[in-house]
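Here is a short report on one protein model. Keep the sequence and the 3D view open as you read.

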Amino acid sequence: MPLGAISCFTVERKDELERPLEFDSERMERLQNGPSEVVLIGNSMVYCRLNTHYLPDLLAPLSVEMVTEGGTRSLQWFLWFKNYVAEVKPAPKVVLILYRDYDFGRVDFRVAGTYLDTIRKSMRKGDEKYLWIARGQSQIRGPAGWLEETFGEHPQNTKKRKRVEDAAMDVAALAGSLPEPEVRKYVKGAFSMDKLRSDIQDAGASENDNLKGIACQFTADADKNYLSHFDQVAREHGIKLVFYRVRRRPDDSNTVHQAATLADYTRDFRKWIEARGHAWVDETDDEEITLSMFRDGDHLFKESYNRYTEMFVERIRHLLPKPYTPEEIAAGKAAARNLLIQ
């Protein structure tokens, strides 16, 4: 009876939490101001393994951009790709997505709380359907799960995060005379997850493994994950996708063991990728990425970043495109101007 009495309210509230928030246009402007032939999308598997300052030097004269945030997974990566990266004029020629094992099969990963806020700020009108895919794959079941999903972490965490941010703003404002927007931007940057304990967000390697009860057969069904949607957007914009599987933390013998189900999933994933003209790279069996390089979970020590970055570039070198021609740059700028006029 109590559940029935509040059902109308909960449906309305859930719809509200699935609507787009104000679009993060600042990110789009930054990408458009410096179009890059090569773009990397992912989470801390990018910035807690690669030296992001050294990488552009190794890729020159190509320009590279990184679109990352700790803890994000496939829904966020797709929205970044569709609504930001693919919309840059000229569009990037190659987009690499760094992932672990079942990241593209586990669409219910990281779609609540702070992650939901970021997702909704990356959505355009009509993108609710992509969030619904993640909802349909949710592993929460039964009345208890429904209550958790409906009344769970998001409202409480949002309120707590706002209190922390407001307190930080008050303290920061006392330290100088910058305008409020600049102070808020500084506070957000100072407390971003890559400045804090990165292992809180993404070093928990075990949660990336296949969990009990999760189907581990590969599928690219458009109603079950975002792979076919990635492919469609890439084709529309002439972008080559590179799905880059990182080496997981090895054991004491410097070996990464894979279950038979994961090996089968990976084989079918690779077939699907290559059949569509995209590329697949796997560093899982590279024993030069040793246990001594790993800090926590699948993150590396900073002292290992340079060497890892060099190995990364050598592994993808054959996939790198030619630089933009002057004609491509001019056409891209003209297209961007026309979009602003519209």
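**Confidence**

This is a predicted model. The mean pLDDT of the protein is 83. In all, 71% of its residues reach 70 or more. Two stretches call for caution. Over residues 5-13, pLDDT stays under 50. The model has eight contacts beyond four places in sequence for residues 5-13. Over residues 138-156, pLDDT also stays under 50. For residues 138-156 the model has 31 contacts beyond four places in sequence.

**Helix α6 and its partners**

Two packed helices are described by the angle between their axes and the distance between the axes. Helix α6 spans residues 74-83.

| Helix pair | Axes come within | Crossing angle |
|---|---|---|
| α6 (residues 74-83) and α13 (residues 227-237) | within 10 Å | roughly 10 degrees |
| α6 and α7 (residues 114-121) | within 9 Å | roughly 20 degrees |

Take α13 to begin with. Angles under 35 degrees count as roughly parallel. The axes of α6 and α13 cross at roughly 10 degrees, so these helices are roughly parallel to each other. Their crossing is left-handed. On the α6 side, the contact is made by S74, W77, F78, F81 and K82. On the α13 side, H229, F230, V233 and A234 take part. What classes do the residues of the contact of α6 with α13 divide into? Six are nonpolar, two are polar and one is charged.

Now turn to α7. The axes of α6 and α7 cross at roughly 20 degrees, so α6 and α7 are roughly parallel to each other. Here, too, α6 passes α7 in a left-handed crossing. L75, Q76 and L79 in α6 meet Y115, T118 and I119 in α7. The contact of α6 with α7 has four nonpolar and two polar residues. It has no charged residues.

**A pair of rings**

A pair of aromatic rings is described by the distance of the centres and the angle of the planes. A search of the whole structure finds 19 aromatic pairs. One of them joins F230 and F243. Their ring centres are 6.4 Å apart. The planes stand at 75 degrees, so the pair is edge-to-face. Where do F230 and F243 lie? F230 is in helix α13, and F243 is in strand β4 (residues 240-245). The two residues are 13 residues apart, and the pair links distant parts of the chain. F230 also belongs to the contact of α13 with α6.

Note on methods
Residues are numbered from 1 along each chain as its sequence is written. This is a predicted model: local features need pLDDT of at least 70, side-chain atom pairs count only at pLDDT 80 or more; totals for chains, interfaces and linings use all residues. Side-chain values use heavy atoms; hydrogens and water are left out. Axes are lines fitted to C-alpha atoms, for helices over the stretch in contact, and angles run from 0 to 180 degrees between N-to-C directions. Helices (H or I, at least four residues) and strands (E, at least two) are DSSP runs, numbered from the N terminus. Angles under 35 degrees count as roughly parallel, over 145 as roughly antiparallel, 65 to 115 as roughly perpendicular and the rest as oblique. A crossing is left-handed if the near helix is turned anticlockwise from the far one by less than a right angle, and right-handed if clockwise. Contact means heavy atoms within 4.5 Å. Ala, Val, Leu, Ile, Met, Phe, Trp, Tyr, Cys and Pro count as nonpolar, Asp, Glu, Lys and Arg as charged, and the others, Gly among them, as polar. pLDDT is the predictor's confidence in each residue, from 0 to 100. Rings of Phe, Tyr and Trp (its six-membered ring) pair if their centres lie within 6.5 Å; planes under 30 degrees apart count as stacked, over 60 as edge-to-face and the rest as tilted.
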